[in-house]
Amino acid sequence: MRQAGRYLPGRWFSGGQQPAPAQCEPADNPVRVQLQPLRRFPLDAAIIFSDILVIPQALGMDVRMEPGRGPVFPEPLKGPEDLQKLKPTVDVSQELGYVFRAITLTRHKIAGQVPLIGFTGAPWTLMTYMIEGGGSNTMSKAKRWLYQNPSASHQLLQNLTDVIVDYLVGQVAAGAQALQVFESHAGCLGPRQFDDFSLPYLREISRRVKQKLNAEGLEQVPMVSPVHRHLVVIIPSAPFLQIVFAKDAHYALEDLSQSGYEVVGLDWTIRPQEAREKAGKRVTLQGNLDPCALYASKENIEEMVKKMLEAFGCRSYIANLGHGLYPDMDPEHVGAFISAVHKYSEKKEN
């Protein structure tokens, strides 16, 4: 939705009371939305149009989209006893097959123009929605679980991880050429909680997806785990590309660079030089222009992109925003950002 449905004119997405997955069905709906930005901009990759909350829905929770509020769970998880309401196992081919069908159809429509990226929400981020009942500034209800019910929290996070692994492998089988895992709410955790309740599951997802792809004879694909859906992704020619983006979790950069992901995504609140020092040479960095910079003039956008590329360099780097796009952003300014990325990256490469 951030890539196409929220800022481009003529988008089909209009919210409403439908469950979130219904907005992604039938399969040709997300395909039409996905093709909009590719027709307008020289993007380097496409991300399938879906929603991270399809997984809680597949686990048996009711998810609705309310105008002006976003995703809402009418019956959120209130205590550990509510875990019994969730399905113990999920047949992803049955519950999430509509995503797989959309991926396959989109691959055919793209016709090799750019790589197609599949994605999922990360366990902690999904857990916050399932407990908070929607978006939250504090995540206090979800964090209360971590402090008061650590065993139940790990049980839920593990359940989500198991579904996520199968879901991502299914996306590869359907035609996804890269994968992203969005830990959107990493910044709500302190270092200790992040180490206990986020990082282990991010590592497990990366490891198990690779293992299952090998076991099932599927081609290994790049994996991406940024906190927010981004705009421009330049896929390096690495056999494994996994991107982990933990917004506001600067304290975790060193750990994230050693977590099995080849790319660490950055928000806009960290200096490139500092990120390089913390991440070292083990990983590629991605980011990190403030998305609100797109409200500036086109000339200023170009200058900011130039400085960003000068700071990061063109080696082991993916030019990107440090967060998602907002609904009121001018597509012309989005285009100015993309053009500047190509202009100055090509100059530096030459």
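The structure is a predicted model, so to speak of local features a pLDDT of at least 70 is needed, side-chain atom pairs count only at pLDDT 80 or more, and totals for chains, interfaces and linings use all residues. Residue numbers start from 1 along each chain as its sequence is written, and side-chain values rest on heavy atoms, with hydrogens and water left out.

Aromatic contacts come first. A pair of aromatic rings is described by the distance of the centres and the angle of the planes. Here, rings of Phe, Tyr and Trp (its six-membered ring) pair if their centres lie within 6.5 Å, and planes under 30 degrees apart count as stacked, over 60 as edge-to-face and the rest as tilted. The count under this rule is four aromatic pairs. One of them joins F100 and Y167, with 6.0 Å from centre to centre and 35° between the planes, which makes the pair tilted. F100 sits in helix α4 (residues 97-110) and Y167 in helix α7 (residues 150-174), so this pair links distant parts of the chain, 67 residues apart. For these labels, helices (H or I, at least four residues) and strands (E, at least two) are DSSP runs, numbered from the N terminus. Both F100 and Y167 are buried; buried means under 20% relative accessible area, exposed over 50%, and partly exposed in between (1.4 Å probe, protein chains only).

Another pair brings F194 and Y251 together edge-to-face, at 6.0 Å centre to centre and with 80° between the planes. F194 belongs to helix α8 (residues 191-197), while Y251 is in the loop between β7 (243-245) and α10 (253-256), so the contact ties together parts that are 57 residues apart in sequence.

Charged contacts are next. A salt bridge is taken as a side-chain nitrogen of Lys or Arg within 4 Å of a carboxyl oxygen of Asp or Glu, and a search of the whole structure turns up 13 of them. Among them is the bridge between R69 and E66, where the closest N and O atoms are 3.7 Å apart. R69 is exposed, with a relative accessible area of 54%, and E66 is partly exposed at 27%. K85 and D82 also meet in a salt bridge, at 3.4 Å from N to O. K85 counts as exposed at 60% relative accessibility, but D82 is buried at 9%.

A further bridge connects K210 and E262, at 3.6 Å from N to O. K210 is in helix α9 (residues 199-215) and E262 is in the loop between α10 and β8 (263-265), so this bridge ties together parts 52 residues apart in sequence. K210 is buried, with a relative accessible area of 18%, and E262 is partly exposed at 24%.

K307, in helix α12 (residues 298-312), is exposed at 53% relative accessibility. K307 and Y344 are 37 residues apart in sequence, and their C-alpha atoms are 9.5 Å apart in space. As for cysteines, a disulfide is a pair of cysteine sulfur atoms within 2.5 Å, and the count is zero. C188 is partly exposed, with a relative accessible area of 22%, and C292 is partly exposed too, at 35%.
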